[in-house]
Amino acid sequence: MKLSTSGATKPAKVPGDGAAKPPASFAPEHSLPHAFSVVANRISQMLERMYGEMFGISVVDWRIIAILGTHYPLSAKVLAELTAMDQVSVSRAIDQMMNKKLVLRKVDAADRRRVALSLSKKGLEIYNQVVPLLYASEAMLIARLPDEDAVAIRRIMEALVDVSGELFAPGSDWRTFLAKDGARGAS
């Protein structure tokens, strides 16, 4: 799949309803969000098979282990923010991980309403085994890129993660995004 570098054409009007439709040249597989999703899904599917077979964990479990292995103790809310997952999914995964004895949950002594999460000894052992595997899979992904492209993609992805956190933060109103873009929603 190659992403198009040509500029987008103006959307055509759909007869009868006045709403815009994508230009005839639009193909989802040429959009950046689609490309990011394809790469992320392919990597996640491979890692899920590996993590599942080797450690009995899911990709969601690993994302939580990765964050708690480097930033701890954390509340479920902060953990959800750092993983860009919804709090319900994080809470559900934490409960399952506690049953597997991968995560410890303690009431914060300073604020008894807050629960602090950290890795158990077993969770930390998995973290220490998976990190080298993660780096190996990442190295395989970028191995065919010239060194300057590998450096550039890291820099660009870091910038895109930051920008997406600002533009598409939880609770952001999509209408505001469209208004900034100059687009109009159908009424």
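The chain exposes about 13600 Å², and carbon and sulfur atoms supply 58% of that area; accessible areas here come from the Shrake-Rupley method with a 1.4 Å probe. Keep in mind that this is a predicted model, where local features need pLDDT of at least 70, side-chain atom pairs count only at pLDDT 80 or more, and totals for chains, interfaces and linings use all residues. Residues are numbered from 1 along each chain as its sequence is written, and side-chain values use heavy atoms, with hydrogens and water left out.

Now the overall layout. The chain has 187 residues, and 25% of them are buried, meaning under 20% relative accessible area. Its secondary structure comes to seven helices and four strands, which are DSSP runs numbered from the N terminus (H or I and at least four residues for helices, E and at least two for strands). Reading from the N terminus, the order is β-β-α-α-α-α-β-β-α-α-α. Of the contacts between residues at least 6 apart in sequence, 47% join residues at least 24 apart; contact means heavy atoms within 4.5 Å.

On to the helix pairs. Two packed helices are described by the angle between their axes and the distance between the axes. The axes are lines fitted to C-alpha atoms over the stretch in contact, and angles run from 0 to 180 degrees between N-to-C directions.

| Helix pair | Axes come within | Crossing angle |
|---|---|---|
| α1 (residues 32–55) and α5 (residues 121–142) | 12 Å | roughly 145° |
| α3 (residues 76–83) and α4 (residues 87–99) | 9 Å | roughly 115° |

α1 passes α5 in a right-handed crossing, i.e. the near helix is turned clockwise from the far one by less than a right angle. On the α1 side, the contact includes Val39, Ile43, Met46 and Phe55, while α5 brings in residues including Ile126, Leu133 and Leu141. The residues of this contact divide into 13 nonpolar, two polar and no charged. For the bookkeeping, Ala, Val, Leu, Ile, Met, Phe, Trp, Tyr, Cys and Pro count as nonpolar, Asp, Glu, Lys and Arg as charged, and the others, Gly among them, as polar.

α3 also passes α4 in a right-handed crossing. Ala76, Lys77, Leu79, Ala80 and Thr83 in α3 meet Gln87, Val90, Ser91 and Ile94 in α4. That contact splits into five nonpolar, three polar and one charged.

Finally, a look at Thr83, which lies in helix α3. Thr83 is buried, with a relative accessible area of 14%. Leaving aside neighbours within four places in sequence, Thr83 is in contact with Arg63, Ile67 and Val90.

Conventions. Buried means under 20% relative accessible area, exposed over 50%, partly exposed in between (1.4 Å probe, protein chains only).
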